[in-house]
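Student: I would like to learn how to read salt bridges and nonpolar cores in a model. Can we take them in turn?

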Amino acid sequence: MKSISIDIETYSSVDLRKAGVYKYAESDDFEILLFAYSVDGGEVKVVDLAKGEEIPKEIIDTLTDESIFKWAFNAQFERVCLSRYLRDKDSSKVIFLNPVSWKCTMIWSATLGLPLSLEGVGAVLGLDKQKLSEGKNLINYFCRPCNPTKLNGGRCRNLYFHDEEKWEKFKEYNKRDVEVEMGIQAKLSSFPVPDEIWVEFYLDQEINDRGIAIDPVLVESAIKL
């Protein structure tokens, strides 16, 4: 195995757009619902974690194997979320997966002046397989809290068994995202990202993982004052 392309679908009550991926993934109710992957450009498979399926061990092992490249569109999201997933399964795991073996097709697209969305890049490149348009509605339904109503029985979250037909479409959406990502890789293969750009990307990831150091004693003293 040389590389793996990944896309995940997740749930968290934290608003990703307002709080960013780190707070999003640290929420107590965060979970990965679907895990789609392709090994070395092969058939895309979807692991339905919400229904109790398990990611194969050999695939889990690739996440910490720095000799295998992990590809994703906006790879920071997958990397940070999967770091949380691994910590939940084994608290001895590192806080964040090392970014040096991750490759981001969004960064690749940006170096060529392409849009910064998977849908936009797919459209501009004229890929045979495009991102499914119903994805936004499916994400709103399964990935975010919902308002309790009489019609939905007062629940604050939609689970897979609340609409099995939508859930199957959601799995297809997850699979299609990986297919689009691989299509982008194929289309852009003649225009590789310079090594120095990847070095900058890894540095950026490490800085964000580390965060900003603060003096808690000073903070507590300031609050008292």
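Tutor: Start with the term. A salt bridge is a side-chain nitrogen of Lys or Arg within 4 Å of a carboxyl oxygen of Asp or Glu. Side chains of opposite charge can pair when their charged atoms come close. Keep in mind that this is a predicted model.

Student: How many salt bridges does the structure hold?

Tutor: The count is 14. Take Glu164 and Lys51 as one case: their side chains meet at 3.3 Å, N to O. Glu164 sits in helix α7 (residues 164–187), and Lys51 in the loop between β3 (45–48) and α2 (57–64), so this pair ties together parts 113 residues apart in sequence.

Student: Is Glu164 buried, exposed or partly exposed? And which of these is Lys51?

Tutor: Glu164 is partly exposed, at 36% relative accessible area. Lys51 is partly exposed too, at 37%.

Student: What separates Asp88 and Arg84 along helix α3?

Tutor: About one helical turn, because they are four residues apart in that helix. Asp88 forms a salt bridge with Arg84, and the closest N and O atoms are 3.0 Å apart. Now check accessibility for each partner. Asp88 counts as exposed, at 51%. Arg84 counts as buried, at 11%. The cut-offs are over 50% for exposed and under 20% for buried.

Student: Which parts does the pair of Asp177 and Lys131 tie together?

Tutor: First the contact: the two side chains meet in a salt bridge at 3.0 Å, N to O. Asp177 lies in helix α7 and Lys131 in the loop between α5 (118–125) and α6 (135–142), so the pair links parts 46 residues apart in sequence. Asp177 is buried, with a relative accessible area of 3%. Lys131 is partly exposed, at 22%.

Student: Now the cores. Which residues have the most contacts inside the largest nonpolar core?

Tutor: A nonpolar core joins buried residues through side-chain atoms within 4.5 Å. The largest one here has 44 residues. Those with the most contacts inside it are Ile6, Phe35, Ile55, Leu63, Cys81, Leu82 and Ile184. Helix α3 (residues 75–89) gives the most to this core, with seven residues. A second, separate core has eleven residues, including Leu34, Leu132, Leu138 and Phe142.

Student: What is Ile184 in contact with, leaving aside its neighbours within four places in sequence?

Tutor: Its contacts are Phe73, Thr105, Ser109, Leu118, Val121, Leu125 and Leu127.

Terms used: Residues numbered from 1 in each chain as written. Predicted model: local features only at pLDDT ≥ 70, side-chain atom pairs only at ≥ 80, totals over all residues. Heavy atoms only, no water. Buried < 20%, exposed > 50% of the residue type's maximum accessible area, 1.4 Å probe, protein only. Helix = DSSP H or I, 4+ residues; strand = E, 2+ residues; numbered from the N terminus. Contact = heavy atoms within 4.5 Å.
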